[in-house]
Amino acid sequence: TAIATGMSPYASYLDAPYSVDGYKPENYGRKYSGWMSLREALTNSVNIISVKLLLDIGFDPVIKMAQNMGIKSKLLPTYSLALGASEVNLLELTNAYATLAAGGIYREAHGIRRITNGRGEVLYDTQIKSRRVVDQDSV
């Protein structure tokens, strides 16, 4: 979402102890790395920077992007949203990753594509609808 809203992956954030409204996210191992780029921070799952980035982008754009990519479960606008605190099922997560793999095109996952009878007549045919939800440059 940050990249899609125009942020550079090379923008810098400070990885250091952080608190917002009493919420104090922590990195794995409780270690801090100082200034780093978004690319480096997201590659290394730096929680502090993920929360700061969420606050800069806003809850609504992040939730909307997740929904556009196939997340249907309720996502709460909380600071821990940046860390994956909202519960989603495996199919939703697969849809979201598949959207990135498809260059930003969302196609809802499905289990059955077509059902035919013994005479070869089509009884059911999935109508797979595709739509671009992330621009190619952001992907």
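Helices (H or I, at least four residues) and strands (E, at least two) are DSSP runs, numbered from the N terminus. The model is predicted, so local features need pLDDT of at least 70 and side-chain atom pairs count only at pLDDT 80 or more, while totals for chains, interfaces and linings use all residues. Residues are numbered from 1 along each chain as its sequence is written, and side-chain values use heavy atoms, with hydrogens and water left out.

Asn 27 lies in the loop between strand 1 (12-15) and strand 2 (34-37). Its relative accessibility is 8%, and Asn 27 therefore counts as buried (under 20% relative accessible area; exposed is over 50%, partly exposed in between; 1.4 Å probe, protein chains only). Apart from neighbours within four places in sequence, Asn 27 is in contact (heavy atoms within 4.5 Å) with Asp 15, Tyr 32, Val 46, Asn 47 and Ile 48. The C-alpha atoms of Asn 27 and Ile 49 are separated by 9.3 Å, with the two residues 22 apart along the chain.

Helix 2 (residues 47-57) and helix 3 (residues 59-68) have axes that come within 6 Å and cross at roughly 100°. Axes are lines fitted to C-alpha atoms, for helices over the stretch in contact, and angles run from 0 to 180 degrees between N-to-C directions. Helix 2 and helix 3 are therefore roughly perpendicular to each other (65 to 115 degrees; under 35 is roughly parallel, over 145 roughly antiparallel, the rest oblique). Leu 54, Leu 55 and Ile 57 of helix 2 meet Phe 59, Pro 61 and Val 62 of helix 3.
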